[in-house]
Amino acid sequence: MRIKCPCCNGRAAIYSRAAVTDTVSNVYARCNNKACGKYAQGFVTQVSFAHWLDPKTENLQMALQFLLDHIPPDQRKQVLAQLQ
Ligand SMILES: [Zn+2]
C-alpha cells in the first residue's frame, strides 16, 4: 500500500499500523520528500473497509486499468473521452 504525504503528495513511508475497529486502522507514516516542509514528520491516516467488490466488475476494472497504463497518452485521452 502506498501512502502520500498530505502536504506535498509525495511518497510517505509507513512505519506502524493500529486497528481502531474491525474495519478501520490508523496508519502511521512519514514524508520521504526532503523538499517538503513536513519531511520526516510523522502523520496518521486512516484506512477503512468500504464495500465488497463484485468479482466480474473487479476483473473488468483491472483489465481497463492495465489497458490505460499500457497505451500511449494520446490514445488514453481518446479512450477516457469516449467513456465519459
Ligand atoms: Zn511531504
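Leaving aside residues up to four places away in sequence, Gly10 touches Lys4, Cys5, Cys31, Asn32, Asn33 and Cys36; residues are in contact here if their C-beta atoms, placed from the backbone, lie within 7 Å. The structure is a predicted model, in which local features need pLDDT of at least 70, side-chain atom pairs count only at pLDDT 80 or more, and totals for chains, interfaces and linings use all residues. Residue numbers start from 1 along each chain as its sequence is written.

**Surroundings of Gly10**

Gly10 lies in the loop between strand E1 (3-4) and strand E2 (11-19). Strands (E, at least two residues) and helices (H or I, at least four) are DSSP runs, numbered from the N terminus. Gly10 counts as partly exposed because it has 15 C-beta neighbours inside 10 Å. A residue is buried if 20 or more other C-beta atoms lie within 10 Å of its own, exposed if 12 or fewer, and partly exposed in between, with C-beta atoms placed from the backbone. Lys34 is 24 residues from Gly10 in sequence, and their C-alpha atoms are 9.8 Å apart in space.

**The sheet**

The strands form an open sheet of 4 strands in the order E1-E2-E3-E4, with antiparallel pairing. E1 and strand E4 (42-48) are the edge strands, each with a single partner, so one side of each has no neighbour in the sheet. Pairing requires that DSSP find at least two bridges between two strands. Strands of a sheet pair through backbone hydrogen bonds, either parallel or antiparallel. E2 and strand E3 (residues 24-31) are joined in the antiparallel sense over 7 bridges, and Ala18 stands opposite Asn26 in E3.

**The whole chain**

The protein chain has 2 helices and 4 strands, which follow the pattern β-β-β-β-α-α along the sequence. Its radius of gyration, taken over C-alpha atoms, is 17 Å, well over the 12 Å that the globule rule gives for 84 residues, so the chain is more spread out than a compact globule. That rule is 2.2 Å times the number of residues to the power 0.38. The chain is divided into two domains, listed below, with bounds from an automatic or database domain assignment.

| Domain | Residues |
|---|---|
| Domain 1 | 3-48 |
| Domain 2 | 51-84 |

The centres of domain 1 and domain 2, taken over C-alpha atoms, are 28 Å apart. Along the principal axes, the C-alpha atoms of the chain fill a box of roughly 40 × 35 × 20 Å. Buried residues account for 5% of the 84 residues. Of the contacts between residues at least 6 apart in sequence, 24% join residues at least 24 apart.

Notes: Two residues are in contact if their C-beta atoms, placed from the backbone, lie within 7 Å.
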